[in-house]
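Dear colleague,

I am passing on to you a structure for your study, together with a written account of what was found in it. Please open it before reading the notes that follow.

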Amino acid sequence: MKELELLKKDWKKQEKALPQYKIEELRQMVYKRSNSLIRTIFIISIVEFLLSCALSIWFVDDEYWQLVTHLHLKTVTQILLVVSYTITLFFIYLFYHNYKKITPQDSTRVLMKKILRTRMTVRYYIIYILISTGLSSILYFIFSLKYPMPETDLNLSGINGLIVIGVGILFIGVALLLVWIVYTLLYGILLRKLKRNYENLKKIDL
Amino acid sequence: MTKAQEKEFLKQLEKHQNIVHKVCKMYTNDEASHKDLFQEISIQLWKAYPKFRGDSKFTTWMYRVSLNTAITLYRKSKKIIATQDIAEISFKVKAEEYDTTTEENLKFMYAAIKELNDIDKALVLLYLEGKDYKEIAETLGVSQVNARVKMTRIKRKLKSLLSS
């Protein structure tokens with residue numbers, strides 16, 4: 001195809017019209033702050049980890065311990081907290097390990113795979129947070145019905161009890177669903193280009 | 001990184017900056033975006049430089065990091081406001097060098113390349129730069145045979161666009 005050869009030649013000629021930066025301009029550029037996808041994912045993930053840790057620290061005060069003691073859940077709560085912190089630390093290690101392995105000098109395919117793997121780690125962490133929060137909320141909810149606080153005069157016999165449990169579970173479910181939707185939208189927008197390109201790249205080897 | 005390494009890196013970047021500019025030309029549509037992407041690629045090259053072991057040529061390594069940044073890592077800065085239209089600044093075909101048909105064909109082909117997806121653009125760029133299929137395949141992480149097949153398809157697509 002002679003047009004392509006012509007295009008190749010013209011492409012070479014384009015070089016003459018390219019701007020040329022001086023060393024000092026380049027030095028200033030390389031010290032600017034990166035706006036890369038990796039950096040953004042890293043910052044968002046760190047905020048997610050810190051936020052979940054801060055929330056659990058904020059909730060667990062003296063009043064909280066009085067409440068769980070009243071609900072006969074003190075030992076269970078202590079075990080859950082130790083397990084939860086261990087799992088969070090494990091996720092932070094996993095995330096950082098994956099993050100450190102990302103380098104733009106890999107092939108395009110390997111780089112994309114590594115980013116998606118890092119993002120999956122955060123995704124699993126969020127899934128774990130949502131499930132564990134959901135389950136523990138249901139547990140505390142059921143025990144708060146079983147051992148109501150003395151100042152409440154809830155009538156939980158028969159159908160009333162079922163309605164209260166139903167509404168409570170629905171409320172927890174909707175709250176967790178909202179968190180999941182926001183999270184999915186955020187990463188969906190952020191990784192749209194990468195996923196599209198990864199699919200196109202995979203198609204070449206099909 | 002030491003001052004000597006920094007000096008060496010900047011010297012190499014200055015010498016081979018056309019590689020980065022060509023990648024920017026392929027993936028951006030206006031001057032401000034071109035500069036923004038150039039800056040991000042320079043940052044990524046600088047950050048990756050300590051890991052450059054010299055197994056491959058500096059220019060080969062530059063193509064790889066530059067393309068990976070453009071295709072995968074680059075997020076357009078929110079501050080950027082497009083200043084010029086793509087056809088105005090991207091690929092200028094000098095009219096005085098070609099007859100009208102050739103000039104039209106070249107313009108048409110550049111416009112068609114701009115319409116390709118990011119991966120196909122990378123293939124075309126490496127092809128136009130005269131890279132062999134081994135290097136193209138290694139840069140993108142696909143098999144050599146499939147890179148060749150894909151390039152043949154793109155050429156055919158461009159040809160059919162020209163003849164239609």
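**Confidence of the model**

Chain A has a mean pLDDT of 85, and 96% of its residues reach 70 or more. Please bear in mind throughout that this is a predicted model. Within chain A, confidence is lowest in α3(A), where the mean is 81, and highest in α2(A), where it is 94.

For chain B the mean pLDDT is 86, with 87% of the residues reaching 70 or more. The lowest confidence in chain B belongs to helix α5 (residues 86-89) of chain B, with a mean of 44, while the highest belongs to α2(B), at 95. Across residues 84-89 of chain B the pLDDT is below 50, and this stretch has 7 contacts in the model beyond near neighbours in sequence. Where pLDDT is low, the predicted coordinates should not be read in detail. As for the model as a whole, its scores are ipTM 0.81 and pTM 0.81.

**How the two chains meet**

How many residues of chain A are in contact with chain B? There are 43 such residues in chain A, and they touch 50 residues of chain B. On the side of chain A that touches chain B, the elements giving two or more residues are α1, α2 (23-30), α3 (37-59), α6 (108-146) and α8 (192-204) of chain A. Of these, α1(A) gives the most, with 8 residues. Sorted by class, this side of chain A has 23 nonpolar, 12 polar and 8 charged residues.

One pair of helices across the two chains may be followed in detail. Helix α1 (residues 2-14) of chain A and helix α6 (residues 100-114) of chain B have axes that come within 10 Å and cross at roughly 80 degrees. Because of this angle, α1(A) is roughly perpendicular to α6(B). From α1(A), the contact is made by A:E3, A:L6, A:L7 and A:D10, and from α6(B) by B:T102, B:N105, B:L106 and B:M109. By class, this contact has 4 nonpolar, 2 polar and 2 charged residues.

**A helix pair within chain A**

Two packed helices are described by the angle between their axes and the distance between the axes. In chain A, the axes of α3(A) and α6(A) come within 11 Å and cross at roughly 20 degrees.

In the domain assignment, chain B has domain 1 (1-87) and domain 2 (91-164). Between them, 10 residues of domain 1 of chain B are in contact with 8 residues of domain 2 of chain B. On the domain 1 side, the elements that give two or more residues are α2 (17-27) and α4 (58-73) of chain B. Which element gives the largest share of that side? The largest share, 5 residues, comes from α4(B). By class, the domain 1 side has 7 nonpolar, 1 polar and 2 charged residues.

Yours sincerely,
A colleague

Definitions and conventions: Residues numbered from 1 in each chain as written. Chains lettered and ligands numbered in written order. Predicted model: local features only at pLDDT ≥ 70, side-chain atom pairs only at ≥ 80, totals over all residues. Axes fitted to C-alpha atoms, helices over the stretch in contact; angles between N-to-C directions. Helix = DSSP H or I, 4+ residues; strand = E, 2+ residues; numbered from the N terminus. Parallel < 35°, antiparallel > 145°, perpendicular 65-115°, else oblique. Contact = placed C-beta atoms within 7 Å. Nonpolar A, V, L, I, M, F, W, Y, C, P; charged D, E, K, R; others polar. Domains from an automatic or database assignment. pLDDT = per-residue confidence, 0-100.
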